[in-house]
Amino acid sequence: MAVAGGSGKVHEHADGDAHDHSGHEHAHSHGDPKIYAGYFEDSQVKDRPLGDYAGDWQSVYPYLKDGTLDPVWKHKAEKGTSSVEEIRAEYEVGYKTDVDRITIDGDVVTFFKGDQGSKGTYAYDSKEILTYKKGNRGVRFIYKKTKGDVSAPQFIQFSDHGIAPNKAEHYHLYWGNDRAALLKEVTNWPTYYPSSLKADEIVSEMKAH
């Protein structure tokens, strides 16, 4: 059982649930609210196929940088105890990435930095349940590279607040060559939404959760 570090800072998210940012997960409108808040039994956790994350995905970091997401920080601040500036600063660290687009087709994942793509083929490498300081938990679904470009990471770990097979609406992705070290990463969580969504749709999605 892995234990995640981090600040353990809690503030209210748009869904009204107290939320531990060392776990950085989101509650969604579907499913069991307890599970989405990070409270579940080990027996409820099921393996997930890479197909749950299939599609063409865009990073939300550029929207943070250009101010598009400012209404989201304001909305979160109104619901909780942190200031707009504090929330934005936390997400600045959280969302930061130079991978602005990811495509997942079958078992092939391509990471794009601008027009430059780095591609790997990935196989399921089990899951890890993380326990956060606040007492809630999260699951990382892990895939290991079996072949592909040297520049493609050896491991990718998805966190989308789901604990069993279900199509992801958005996800946080951790990647690198050290599986164990990635499990300890709780402050930087590059976040991806479908590339088909426009900026205002992403803002609406975030405010709804």
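This is a predicted model: local features need pLDDT of at least 70, side-chain atom pairs count only at pLDDT 80 or more; totals for chains, interfaces and linings use all residues.
Local features need pLDDT of at least 70 and side-chain atom pairs count only at pLDDT 80 or more, while totals for chains, interfaces and linings use all residues. Residues are numbered from 1 along each chain as its sequence is written, and side-chain values use heavy atoms, with hydrogens and water left out.

The protein chain has six helices and 11 strands. Both are DSSP runs, numbered from the N terminus: helices are H or I with at least four residues, and strands are E with at least two. Of the 209 residues, 47% count as buried. Buried means under 20% relative accessible area, exposed means over 50%, and partly exposed lies in between (1.4 Å probe, protein chains only). Contacts (heavy atoms within 4.5 Å) were also sorted by separation. Among those with a separation of 6 or more, 61% join residues 24 or more positions apart.

Helix α6 spans residues 199–208. Its residues I202, V203 and M206 are buried. They cover an arc of only 100 degrees around the axis, so they lie on the same side of α6. The arc is that of the directions from the helix axis to the C-beta atoms. The face turned away from this buried side carries the exposed residues D200 and A208. The buried residues of α6 pack against β4 (55–59), α2 (61–65), α3, α4 and β11 (191–194).

The axes of α3 and α6 come within 9 Å and cross at roughly 15 degrees. Axes are lines fitted to C-alpha atoms, for helices over the stretch in contact, and angles run from 0 to 180 degrees between N-to-C directions. Helix α3 is therefore roughly parallel to α6. Angles under 35 degrees count as roughly parallel, over 145 as roughly antiparallel, 65 to 115 as roughly perpendicular and the rest as oblique. The crossing of α3 and α6 is right-handed: the near helix is turned clockwise from the far one by less than a right angle. P71, V72, H75 and K76 of α3 meet V203, M206 and K207 of α6. These residues divide into four nonpolar, one polar and two charged. Ala, Val, Leu, Ile, Met, Phe, Trp, Tyr, Cys and Pro count as nonpolar, Asp, Glu, Lys and Arg as charged, and the others, Gly among them, as polar.

Helix α3 (residues 70–79) also packs with α4 (residues 84–95), at an angle of about 125 degrees and with axes 9 Å apart. The two are therefore oblique to each other. Their crossing is right-handed. D70, W73, K74, K76 and A77 in α3 meet V84, I87, R88, Y91 and Y95 in α4. This contact has six nonpolar, no polar and four charged residues.
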